Amino acid sequence: MTEALRPKTLEEALALRAAHPEATVLAGGTDLMVGVNFGRAEPACLLDLSRLGELTAWARDDNCISVGAGVTFSRISAELDDLTALAEAASTVGSPQIRNRATLGGNIVTASPAGDGIAALAAYDASIVVARHARADRRIPWDEFFLGPKQTALADDELVVAAEWEPVDGPGTFAKVGPRSAMVIAVASICVQLDEQAHDVRIALGSVGPTVLRATRAEQLVTQLDWNDLDERALQEAGALAAADVQPIDDLRGTAAYRRRAVEVLVRRALAWTLAARGKVAA
Ligand SMILES: Cc1cc2nc3c(=O)[nH]c(=O)nc-3n(C[C@H](O)[C@H](O)[C@H](O)COP(=O)(O)OP(=O)(O)OC[C@H]3O[C@@H](n4cnc5c(N)ncnc54)[C@H](O)[C@@H]3O)c2cc1C
């Protein structure tokens, strides 16, 4: 018999989290219940976050975009569609039914290297906001939060409450490679975000390392390019640099060699799309 704790406010949830660090947190259940159904997880106590209005809000101003942990991917696609990189990533998560339940917070805490929402957060240089009972919130940069496959810096008595980042002025995009075009966990994925003001580019890659990675050498190369005079060879070089820097493994979804090749192609194409989209779309 599973006990269910069903707080109605964040304050109540944090107090319950502190009192029951052994409880399993439940958001949309699209990762957790797969584990339960396959017998990999047998939670004795669930802490259900679905009633917490505080987690289902997003907010934005000139300095900060904040998306609550309980915001679903359906809502991200519909309500934040001008944040192209994140909205495109959100629209590829599972099926409509999955997107109606699956939350950004659940994607973050599952910490899969294939997490589509995480790739967008890496491209935005986001921080993960975590809360603990009777303590100040912690803001953890994404690359310090994700420690490995299914490993994060979240403590047992903490909850993820939001992700937040500085708005970026420039186009972004997301793409993933898989055996079909829908309902697919990425064999390799990419999220590219241009920053027009800083003449900077962020290239995040999923499913090709223990966590989502940034292709820093490829980023440095593209930052030095004249974006008004696109050079196909330079984009190919960026793809080759990124492919050399990833840490893919062989698994049932694809081989390491296939993933490296996918990265090379994804980087070249996604950079070409975003550079061509300059001036045409908002970030
Ligand atoms: C058919 C199917 C297709 C899928 N396709 C994709 C896909 O294309 N791309 C992709 O990235 N993912 C995919 N997923 C995985 C899943 O839908 C996402 O990772 C989703 O975002 C998980 O969110 P959730 O709200 O359902 O989390 P839950 O399953 O409720 O929770 C996931 C984990 O996070 C913890 N947790 C949740 N919220 C919090 C919080 N606020 N604070 C602390 N801990 C928390 C839970 O304890 C649990 O460990 C798919 C899943 C299924 C079943």
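This is a predicted model: local features need pLDDT of at least 70, side-chain atom pairs count only at pLDDT 80 or more; totals for chains, interfaces and linings use all residues.
1. Let me start with the open sheet. Four strands build it in the order β11-β12-β13-β14, with antiparallel pairing. Its edge strands are β11 (172-177) and β14 (213-214), each of which pairs on one side only. Two terms need a word here: strands (E, at least two residues) and helices (H or I, at least four) are DSSP runs numbered from the N terminus, and two strands pair if DSSP finds at least two bridges between them. Within this sheet, six bridges hold β11 and strand β12 (residues 188-195) in antiparallel pairing, and Thr-173 has Val-192 of β12 as its bridge partner.

2. Residues are numbered from 1 along each chain as its sequence is written, and side-chain values use heavy atoms, with hydrogens and water left out.

3. Strand β10 deserves a look of its own. (Buried means under 20% relative accessible area, exposed over 50%, and partly exposed in between, with a 1.4 Å probe and protein chains only.) Strand β5 (residues 65-68) runs antiparallel to β10 and is joined to it by four bridges; here Val-67 stands opposite Ala-163. Strand β6 (residues 127-132) is also antiparallel to β10, through six bridges, and Ser-127 stands opposite Glu-164.

4. Staying in β10, have a look at Glu-158, which belongs to this strand. Glu-158 counts as buried because its relative accessibility is 1%. What does its side chain meet? The side chains of Glu-158 and Arg-138 are joined by a polar contact of 2.9 Å. A polar contact is a pair of N or O atoms within 3.5 Å; within protein, one must be able to donate a hydrogen and the other to accept it, and residues adjacent in sequence count only if both atoms are side-chain atoms.

5. Now to the ligand. There are 34 residues around it, and Val-25, Gly-29, Thr-30, Asp-31 and Thr-103 come nearest; a residue counts as near if one of its heavy atoms lies within 4 Å. The side chain of Thr-30 has an N or O atom 2.6 Å from an oxygen atom of the ligand. A polar backbone atom of Gly-94 is 3.1 Å from an oxygen atom of the ligand, and a nitrogen atom of the ligand lies 2.9 Å from a backbone N or O atom of Val-160. Taken alone, the ligand exposes 990 Å², of which the protein buries 87%; the areas come from the Shrake-Rupley method with a 1.4 Å probe, and for residues only the protein chains shown count as cover.

6. Where does the shell around the ligand come from? Two or more residues are given by each of β2 (24-26), α2 (32-37), α5 (96-101), α6 (104-110) and β10 (158-165). The most come from α6, with five residues. Domain 1 (3-110 + 126-165) and domain 2 (172-276) each supply at least three residues of the shell, with domain bounds taken from an automatic or database domain assignment.

7. With 1% relative accessibility, Arg-259 counts as buried. A polar atom of the Arg-259 side chain lies 2.8 Å from the backbone oxygen of Ile-249, and the side chain of Arg-259 also makes a polar contact of 3.1 Å with that of Asp-251.

8. Finally, two alanines to inspect. Most residues other than glycine have a negative phi. Ala-111 has a positive phi of about 55°, and Ala-134 has a positive phi of about 60°. Ala-111 sits in the loop between α6 and α7 (116-123) and is buried, with a relative accessible area of 3%. Ala-134 sits in the loop between β6 and β7 (138-141) and is exposed, with a relative accessible area of 73%.
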